[in-house]
Amino acid sequence: MTGSSTRSVVIVGGGTAGWMAAAALARFLPPDHRIRLVESDAIGTIGVGEATIPALRIFNHMLGIDEDAFLRATQGTFKLGIEFAGWSGDGSRYTHAFGTIGRALGLVPFHHYWLRAGRPGSLWDHSAAAQAAAAGRFARDHGRPDLPSGIAWAFHFDAALYAAFLRRHAEAAGVERIEGRITGVERDGETGHIAAVHLEGDRRVAGDLFVDCSGFRSLLLGETLGTAFEDWSHHLPCDRAIAVPTARLDPLSPYTRATAHPAGWQWRIPLQHRTGNGIVYASAHLSDDEATARLLAGCNGAPLAEPRPLRFTTGRRRAAWVGNCVALGLAAGFMEPLESTSIHLVQSGIARLLEYWPGKTLADADIAAFNRRTEAEWLAIRDLLILHYHANARPEPFWQARRDAPPPDSLAERLALFRANGRILREGDELFTEVGWLQVLIGQGVQPLGHHALADAIPPADLADFLALARTHAAAVAARMPAHDAFIAAHCAAPVSK
Ligand code: FAD
């Protein structure tokens, strides 16, 4: 046999994961591949997942999606970072801003110079994205091509509209959509691989490779193949969420807000036609009624729909690829949306699937490499989420327990390195940059005792000038940007929804 052994691909599920996979596979697989997607309107999608990170721009770009058209179609807004409010006690706040902080000077990262100088001002005075976010400004270009702005951006969008947008894109690229509820899964008697899915109405959809995007149910990878679930709730005990939309808030802030509360946190996601709100909480510490009341009290404006409860267990399937089945999205696992990483994990899963796309045979070595790299990526994100909980300074029992719980060894090692000399460990395919880790470490109050010795090489007066220049530059970049609302109105305002 020549070419690929997997020319017939069946995607199970048409949520964000399913349609992202369909659009990307249709774009990159050779034309002799047949791609079908099965989804059930009666079951529907999870309907949340509206805040992203900058890597999504690469995904859109690879698919040839125009950024402004995408934002118009999804009622989207721009996102320069996440504001964390209350994580070191009520009234505290910091931003995990996208892009760089400060500028390169010598051999060591910027923050070592800032640490050496005794932390003048705030770390975020040196970040153009943080300055712009705080001022409610946004531009893709700050009008000075000779000076890099240092910002990166992501998006907020309406999850249902995004899936619909990708569906149009995928269908135009040749993906066949099959509507209907899957009632059974047929396995090959010899290999145990999935041979076909059976749909109500006596329909059978056979394939060579199955992409399980069936959501929390994990219909193929979990239910059919029995792949064990690795439960991470001892590290991340929040297990419920309630989501509710409220009216659009003006001005539109170019950031997601994550506000800590006595047993979890609450999100606020600004969209053009509404605001997405939700509360994430540990049911052992907060009842559903209390959570609903807290959510509604924390929203600016009256609800536009009934609050929607969601239950989850944090963790992942031990292997995302088993036999001829690869899971993406919630079917592969779930981590709370504190750093807006789930959609990114779908994206990186698709990129990795394409990287290891089967040749003449399904090779165990390819599958093992895919699974090893997937696990490493999930673990690094998990550790960043745990850091938010571990290094908190809130007084309530839930938060005290999180402080007292020992972090996983991998996080303990990162903390020790940072506390000693401000060093940040980043390995392999890790998603978050050093600057990302830095902001959460400093923002959550983790204090390094020292700094990198090479930062001592420049004279004190030069150091002061260098830091002042970085602050001036960040402020100037932000000041040149228009208001976020004005930028949207000029470039990507969506039609007013009725
Ligand atoms: P789903 O949307 O659940 O889709 C599952 C699909 O499978 C549906 O089409 C369904 O019809 C189909 N299906 C299931 N069973 C059958 C069957 N028997 N027959 C036929 N079809 C079937 N991610 C972010 O990146 N940013 C965020 O801000 C964010 N916030 C979140 C907040 C919460 C509270 C939660 C729970 C998740 C959040 N996520 C976020 C995660 C994000 O929502 C998901 O990663 C994303 O929507 C992908 O979901 P999915 O496509 O895997 O599953």
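How many bridges join β8 to strand β9, and in which sense do they run? There are 5 bridges, and the two strands run antiparallel. This is a predicted model.

Strand β9 covers residues 194–199. Opposite its Leu199 stands Ile182.

The pairing belongs to an open sheet of 3 strands. Their order is β8-β9-β10, and the pairing is antiparallel. β8 (182–187) and β10 (203–206) are the edge strands, each pairing on one side only. From one strand to the next, the twist averages 25 degrees.

Strand β16 spans residues 275–281. Of its 7 residues, 7 are buried, so the strand is largely enclosed by the rest of the structure. Thr275, Asn277, Ile279 and Tyr281 point one way from β16. Gly276, Gly278 and Val280 point the other way. Both sets are buried.

β16 pairs with β13 through 7 bridges, and these two strands run antiparallel. Within that pairing, Ala243 has Gly278 of β16 as its bridge partner. Strand β15 (residues 264–270) also pairs with β16, again in the antiparallel sense and over 7 bridges. Here Ile269 stands opposite Gly276. β15 and β16 form a hairpin, with 4 residues between them.

## The shell around the ligand

Which residues come nearest to the ligand? Of the 38 residues around the ligand, they are Gly13, Gly15, Gly49, Gly215 and Gly329. The largest share, 3 residues, comes from α1. By class, the shell has 18 nonpolar, 16 polar and 4 charged residues.

Why does the ligand lie between two domains? Domain 1 (8–50 + 158–230 + 314–362) and domain 3 (240–311) both give residues to the shell, so the ligand lies between them.

## Annotated positions

The unreviewed UniProt entry places the feature "binding site" at Gly14, Gly15, Thr16, Ala17, Leu330 and Ile343. These positions are spread over 330 residues of sequence, yet they cluster in space. The largest C-alpha distance among them is 13.8 Å.

Gly14 sits in the loop between β1 (8–12) and α1. Is Gly14 buried or exposed? Gly14 counts as buried because it has 28 C-beta neighbours inside 10 Å. Gly15 carries the UniProt annotation, and it is also one of the residues that come nearest to the ligand.

The "binding site" annotation from the unreviewed UniProt entry also covers Glu339. Glu339 lies in the loop between β21 (333–334) and α9. With 24 C-beta neighbours inside 10 Å, Glu339 counts as buried.

Ala51 is placed in the loop between β2 and α2 (56–62). It has 28 C-beta neighbours inside 10 Å, so Ala51 counts as buried.

How far apart are Ala51 and Phe157 in sequence and in space? In sequence, 106 residues separate them. In space, Ala51 and Phe157 are 6.7 Å apart, C-alpha to C-alpha.

Terms used: Residues are numbered from 1 along each chain as its sequence is written. This is a predicted model: local features need pLDDT of at least 70, side-chain atom pairs count only at pLDDT 80 or more; totals for chains, interfaces and linings use all residues. A residue is near a molecule or strand if its C-beta atom, placed from the backbone, lies within 6 Å of it. Ala, Val, Leu, Ile, Met, Phe, Trp, Tyr, Cys and Pro count as nonpolar, Asp, Glu, Lys and Arg as charged, and the others, Gly among them, as polar. Domain bounds come from an automatic or database domain assignment. Two strands pair if DSSP finds at least two bridges between them. Axes are lines fitted to C-alpha atoms, for helices over the stretch in contact, and angles run from 0 to 180 degrees between N-to-C directions. A residue is buried if 20 or more other C-beta atoms lie within 10 Å of its own, exposed if 12 or fewer, and partly exposed in between; C-beta atoms are placed from the backbone. UniProt positions are given in the numbering used here, feature names are shortened, and annotations may be inferred rather than shown by experiment.
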